Structures are given as structure tokens and as C-alpha cells.
Amino acid sequence: MEFTDTVIYTEKEGLRLGLVGWVKNTYSGTVVGQVQGPADMVEEMKVWLSKEGSPTSRITRASFSNQRTIDKLELSGFKTRF
């Protein structure tokens with residue numbers, strides 16, 4: 001239950017911030033994803049993922065990689081992948 005809650009809360013936060021992208025649970029107990037949108041909102045999402053997360057999450061480390069600037073959004077909506 002807790003693991004699914006993490007993805008649901010992450011998806012809701014992405015939508016609240018007006019971002020597009022996806023999130024997915026991994027078998028190792030982590031959450032991975034891709035986020036696109038205005039740089040300031042992406043930064044806000046990174047802070048949320050690093051410090052808050054879902055009410056049931058236990059954040060020990062957050063890692064962000066492959067960051068780049070894009071001219072236009074490559075994704076639409078914010079979804080949970082399975």
C-alpha cells in the first residue's frame with residue numbers, strides 16, 4: 001500500500017505544479033520517472049521529491065540525472081507507469 005501511495009502522491013504533485021511526465025515504482029523499492037515543464041516548477045518538484053514525498057514515504061536519498069533544457073515538451077499529461 002505505501003509503495004503505491006508514493007507514486008500516486010508524486011503524480012498528483014506533478015499535476016499540481018503543471019508538469020508533464022511519468023513515474024514508476026521499481027522492484028528495488030525506488031521511484032523513477034521523467035518530468036518536464038518550466039524550470040522553476042521542475043526545481044520545486046525536485047525539492048518535494050527530496051524532502052517531502054508522500055505521507056508514508058521514507059526518503060533516504062534522491063538522485064536526479066540526465067537533466068537538460070528542451071525547446072518544447074516531449075510528453076503530455078502526468079501518468080503512472082506499471
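The structure is a predicted model, and the mean pLDDT of the protein is 88. A value of 70 or more is reached by 95% of its residues.

Strand 1 takes part in two pairings, one with strand 2 and one with strand 3. Strand 1 (residues 20-25) and strand 2 (residues 31-36) run antiparallel and are joined by six bridges. Within this pairing, Val23 is placed opposite Gly33 of strand 2, and Gly21 is placed opposite Val35 of strand 2. With strand 3 (residues 78-81), strand 1 pairs in the parallel sense, over four bridges. Gly21 is also involved here, standing opposite Phe78 in strand 3. Gly21 therefore has a facing residue in strand 2, namely Val35, and another in strand 3, namely Phe78.

Strand 1 and strand 2 form a hairpin with five residues between the strands. In this hairpin, Gly29 adopts a positive phi near 90°. One, of 3.0 Å, links the side chain of Thr26 to that of Ser28; another, of 2.6 Å, links the side chain of Thr26 to that of Thr30. A positive phi is also found at Asn66, with a value of about 55°, although Asn66 is not a glycine. Asn66 belongs to the loop between helix 2 and strand 3. Its relative accessible area is 73%, so Asn66 is classed as exposed.

The largest pocket has a volume of about 1400 Å³. Its lining comprises 42 residues, of which Val31, Gly33, Leu49, Ser63 and Phe64 are the closest to the pocket centre. Helix 1, strand 2 and helix 2 are the elements that each contribute two or more residues to this lining. By residue class, the lining of the largest pocket contains 15 nonpolar, 18 polar and nine charged residues. Gly33, among the residues closest to the centre of the largest pocket, is the residue of strand 2 that stands opposite Val23.

The C-alpha atoms of Val47 and Ala62 are separated by 9.3 Å, with the two residues 15 positions apart along the chain. Lys51 is likewise placed in helix 2. Its relative accessibility of 69% is over 50%, and Lys51 is therefore classed as exposed. Between Lys51 and Ala62, which are 11 residues apart in sequence, the C-alpha to C-alpha distance is 8.7 Å.

Gln36, by contrast, is located in strand 2. Its relative accessible area is 6%, which is under 20%, so Gln36 is classed as buried. Gln36 and Gly18 are separated by 18 residues in sequence, and their C-alpha atoms lie 9.3 Å apart in space.

Technical notes
Residues numbered from 1 in each chain as written. Predicted model: local features only at pLDDT ≥ 70, side-chain atom pairs only at ≥ 80, totals over all residues. Heavy atoms only, no water. pLDDT = per-residue confidence, 0-100. 1 Å grid on protein atoms, 1.4 Å probe; cavity = no way out; pocket = protein on both sides within 12 Å on 5 of 7 lines; lining within 4 Å. Points joined across faces, edges and corners; volume = space filled by probe spheres on them. Nonpolar A, V, L, I, M, F, W, Y, C, P; charged D, E, K, R; others polar. Polar contact = N/O pair within 3.5 Å; in protein donor to acceptor, adjacent residues only side chain to side chain. Buried < 20%, exposed > 50% of the residue type's maximum accessible area, 1.4 Å probe, protein only.
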